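Hello,

Here is the model I promised to send over. Have a look at it first, and my notes follow below.

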Number of protein chains: 2
Amino acid sequence: MGFSDVDTLAINTIRVLAVDATFHANSGHPGAPMGMAPVAHVLFNKFMKFNPKNPKWLNRDRFVLSNGHGCMLQYALLHLYGYALSIDDLKAFRHVDSITPGHPEAHDTPGIEVTTGPLGQGISNAVGLAIAQAHTAATFNKPGFDVVDNYTYSFLGDGCLQEGISSEACSLAGHLQLGNLIAVWDDNHITIDGDTNVSFTEDVIKRYEAYGWHTVTVEKGDDDLEGIAAAIKKCQEIKDKPSLIQLKTTIGFGSKQEGTHGVHGSPLKADDIKQLKTKFGFNPEQSFVVPQEVYDLCHKVAAEGAAKEEEWNALFAKYGEQYKTEAADLIRRQKGDLPEGWEKALPLYTPADPAVASRKLSENIINKIYEVLPELVGGSADLTGSNLTRWKGAVDFQPPSTGLGDYSGRYIRFGVREHGMGAILNGLAAYGTILPYGGTFLNFVSYAAGAVRLSALSQIRAIWVATHDSIGLGEDGPTHQPIETLAHFRALPNCMVWRPADGNETSAAYYVALTSKHTPSIIALSRQNLPQLEGSVIDKGIKGGYVLHEQEGADVTLVSTGSEVCICVDAVKELAEKHNIKARVVSIPCFEVFDAQPKDYRLSVLPDGIPSLSVEVMSTMGWERYTHEQFGLNRFGASGAYLDVYKKFEFTPEGIAKRAVATVNFWKDVPNIRSPINRAFEQII
Amino acid sequence: MGFSDVDTLAINTIRVLAVDATFHANSGHPGAPMGMAPVAHVLFNKFMKFNPKNPKWLNRDRFVLSNGHGCMLQYALLHLYGYALSIDDLKAFRHVDSITPGHPEAHDTPGIEVTTGPLGQGISNAVGLAIAQAHTAATFNKPGFDVVDNYTYSFLGDGCLQEGISSEACSLAGHLQLGNLIAVWDDNHITIDGDTNVSFTEDVIKRYEAYGWHTVTVEKGDDDLEGIAAAIKKCQEIKDKPSLIQLKTTIGFGSKQEGTHGVHGSPLKADDIKQLKTKFGFNPEQSFVVPQEVYDLCHKVAAEGAAKEEEWNALFAKYGEQYKTEAADLIRRQKGDLPEGWEKALPLYTPADPAVASRKLSENIINKIYEVLPELVGGSADLTGSNLTRWKGAVDFQPPSTGLGDYSGRYIRFGVREHGMGAILNGLAAYGTILPYGGTFLNFVSYAAGAVRLSALSQIRAIWVATHDSIGLGEDGPTHQPIETLAHFRALPNCMVWRPADGNETSAAYYVALTSKHTPSIIALSRQNLPQLEGSVIDKGIKGGYVLHEQEGADVTLVSTGSEVCICVDAVKELAEKHNIKARVVSIPCFEVFDAQPKDYRLSVLPDGIPSLSVEVMSTMGWERYTHEQFGLNRFGASGAYLDVYKKFEFTPEGIAKRAVATVNFWKDVPNIRSPINRAFEQII
């Protein structure tokens, strides 16, 4: 392929920048950038298709640094190729409010595709990006118009390979025959605990072959640039399998401590840096220096990338002439906007409509919206018949050779892989043309906590269809009945947790989830049937909380979510008839959205002067924020028919009434009862 | 091995019982029990060593049903062999308060080793059980005295194999060469979504070989009893590798729907049951029938098991004569008691002692107690140098052939496998001779949420050393800084979340964690240094919450945990000097333990008549239960030096004082301020 001294200089520049930045920050991971600089240079300089002036160009190749702690590698590349990331930004590495944080964050830094660092996430995101590419290509490409044909590249370390999430995602990637995915394993034999031989002696290559991947080994990853290039080229040619390149490298290459875990997570010492710079031909007295010929080399490639985008723009313009609808659709999707009027497809209900499980209400919605929202792509972690996530007549996303579907299919069979699914959803969303969803039981969204956290942090629109949302699932018992789950995800910033009470609230939940471009949603749905409630309308539901049942001169407010709202409504009658107590009912299907309403509104829902009681069949944690008293389940559930379980724990009109009476009595002597909405000061946001 | 018609009858009895119980419950999973009945019979009747009259016999073989939804298989076996599980218990399958819940629960049902159902957990527990056996054998066995030589058997399905947690645990099991572990894969090609070919086409056998496992395939798992027996025998002979038996079976064998996912998760129809019973020689009009010859066959094996235990008891008595100390230690360990006086090893501090990071305080404790608590066995998920989980001179638990340690070693290198580690801790604890701990960053305990949940549900003593517990970790940034994590695990029933403020509180946390036989603990520890506080003593710390700094006529109570307590102490001065406000300080290192104190005590800590402000650098969710106002971080953190990050979010004496002033002002007109400890009614427990 023809490499010269300038290539070596460019590689050493990356190494030296990583050394300088971690030294300057007195923190960080120089080892991986120094070891992976050669493959990074070969990939970016000879293979990657990208335009630093437009990091969002649709048909760019995606690059994911799964071993995100090595992010100085990526920041150095972004700088060298002319992304909006200056030398000063490199100097601000790991400083508060910089665009060069300790691990790459997609929403802050141009050129970062996904937020990585928590190990195993990046490679799994990459599987999602590759699925998205394959789907978008199958959907939009036309004869003579390969508008989407990019690759997804990912670097990963031993840690990523040990994490179960990557096993899940990579097994699926093999099944799906994703030939557009090329991963590079930094095989440096070092993790934080020392040599990988203390815990990681499996045959990784054999494992990936078992998954159906193509594999290739580069023995001399530190300097065999031709070998690296040949390996990448070979992988590009394999069209029906994802590829794993085993790249044998020396961590911290060039340091006096190279090849040890001493260079993994700490900056190099001053004298080590000196010898290294001298060895690499840099002035040991200077820092953050980039030789002009390195800039020239990189900027030339950047210019070629810009030219490629120009070509593509011309192609896409022609495409737009021939395929007007498709082109408009593709442009719209990238903005994250939904088609005008789509919301008319959302079903509405009246109290005369029959009682239906909210998982079924969710299915109704999916069956209505899939046609008007062609970007909706999703599936289930092997619970399709329980989550009800598949619309009638959906085509599976499958390699055509399986005969089970094709790549234009919009239904993904994730297998029993919740965490992998979560990370794949993040990758699907990050690609830019897909609005992804995934189904499992609410209790098992916890398996994917790491991925959900990154959806929220990186401001990704992804939807969890989380059915069997409480002890109401009944017989499966405590191992499957969530108790802590809602509190967990409600405490996660920028994550909407919905628990709709009926059909209109379910439509409201989907409306907000689908239109919130920068926030993931978990929609908790019942297994059991729920009646359509008087007072529930979509316009109120989208506020996250509202008065379902008003009552003048009320003695108490019952505040609830999901399947307990209808029991509260029955408790109102019980309270009136047996206890002469007037109760109003508030439904708060989503804390996060309710909290965002103006204070006046929130106070109208939860007013001063009246005590309140929350009712939800799981942990009461967090409910103290909204109510004076809490009726919940701060213990594990029970296995049995769901009505028996509800009865055991007194989630009946009588059980609620009993506690409402206690609430009224307990607060009756308190003058001027203050609503919990009133706070002494504002939270930092 | 000699199988007769009675064996076939016993197998069909298991099938019919599973069919009857799921039909009777109108719920459950008949398919797996029907498919796995042959291997279950062969294993229990010809190989397993157990005494149903003493399910806790130390040297019994362990059996783990990882595909826990098939629990009617296990309940049927327990009944047939004479465990304390009657036909009536089978009839009560999936009924409230039965000992036969929808998934097996270890703490409720005799003969169930670990709680399974959430997929992938059981096989990973089995790895823990096998590590525990190897360690206990290496520690206690003597020439001529193999007091511990049991096997661990586990059944698992396709779902368990797809879950990342099993990949993690099984990769480690291969590395550790656990020849005492034999797993049987129910290869029936069916999951809930249908044929496994929709998502699971990897070569499982090749993958397990890549992990270093021995594998064997039984082609005719439905009826080749000799083949099954030969496979198990072969696996028993392989001493340096765990074994996986690929058992090809027909799900729902005997049903008209056999081989389809129709029999996976729903009872059979009445007419199907009829034909099945007729086919198997049972009276189609009768239910829950066990032929006497089947009882006889099983009870004979049970009697042999009882005899084996008698033999073992004799052996152990002799062992006790020769190895008095070891025998006494083994007996003590099984009770879960700690050696008398062990707590004297816990370090105590005075305010004159230097400021130390609480992760380092934890290391001090481990260095002090490892000698007096020989049952303490643990490690880290590849963060040893950060978690500080290894005592000086610890020996690694490693196969001797690696030259890196041996099986008597008490330090486990888990690799970057948090979820697998969590499930292995559960298995280690369940074995009965080990008190396990595992280290990772607090943020990555979330990766293991599924396993932590099962620790809590199954009442297992396991300890998480969860360092880098907040934005105080600094430069690694938001991807690593927990926000929702404490709220999540505080909402989990029967889980102690500790966040100690200094040395004495860290010792208190360990004291309670180590002595709580039926509760897991997460000990959240700082990366940054913390001063030794005036007023902090271990006797108060073990109450979960106490008054650190009392002040007569106080205007406000500052309530805090961990690294923010010392900032609150500084804020007291700031408030007195600049605002003329008197503040008291309360430390609540553990909600769960504080909640268990008498109400009088809790009210003395958080009294009526005075407003309170909580201070903790993460989600405020849950703090409303204890305080009137909350200062926290309901957003993601930032990457930077930790003091800069604290300053950015105003977690400084000044920032706290500002909010304390706001709190005092906001509550000054409220007469008779009520402590949040007062509640209208008691929670259900």
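A definition to begin with: contact means heavy atoms within 4.5 Å. This is a predicted model, in which local features need pLDDT of at least 70, side-chain atom pairs count only at pLDDT 80 or more, and totals for chains, interfaces and linings use all residues. Side-chain values use heavy atoms, with hydrogens and water left out.

On the two chains: 99% of the interface residues of chain A are also interface residues in chain B, so the copies meet through the same surface. Chain A is superposed on chain B by a rotation of 180° with 0.0 Å of shift along its axis, at an RMSD of 0.0 Å (least squares on the C-alpha atoms of residues with pLDDT of at least 70 in both). The two copies are thus related as by a two-fold rotation axis.

Next, the annotated residue. UniProt lists Glu418(A) as "active site" in an unreviewed entry, and such annotations may be inferred rather than shown by experiment. Glu418(A) lies in helix H15 of chain A, residues 418–431 (helices are DSSP runs of H or I, at least four residues, numbered from the N terminus). With 4% relative accessibility, Glu418(A) counts as buried (under 20% relative accessible area, 1.4 Å probe, protein chains only). Leaving aside neighbours within four places in sequence, the residues in contact with Glu418(A) include Glu168(A), Tyr447(A), Trp464(A) and, from the other chain, Glu163(B).

Enjoy exploring it!

Best wishes

How values were computed. Residues are numbered from 1 along each chain as its sequence is written. Chains are lettered from A and ligands numbered from 1 in the order in which they are written. Helices (H or I, at least four residues) and strands (E, at least two) are DSSP runs, numbered from the N terminus. Buried means under 20% relative accessible area, exposed over 50%, partly exposed in between (1.4 Å probe, protein chains only).
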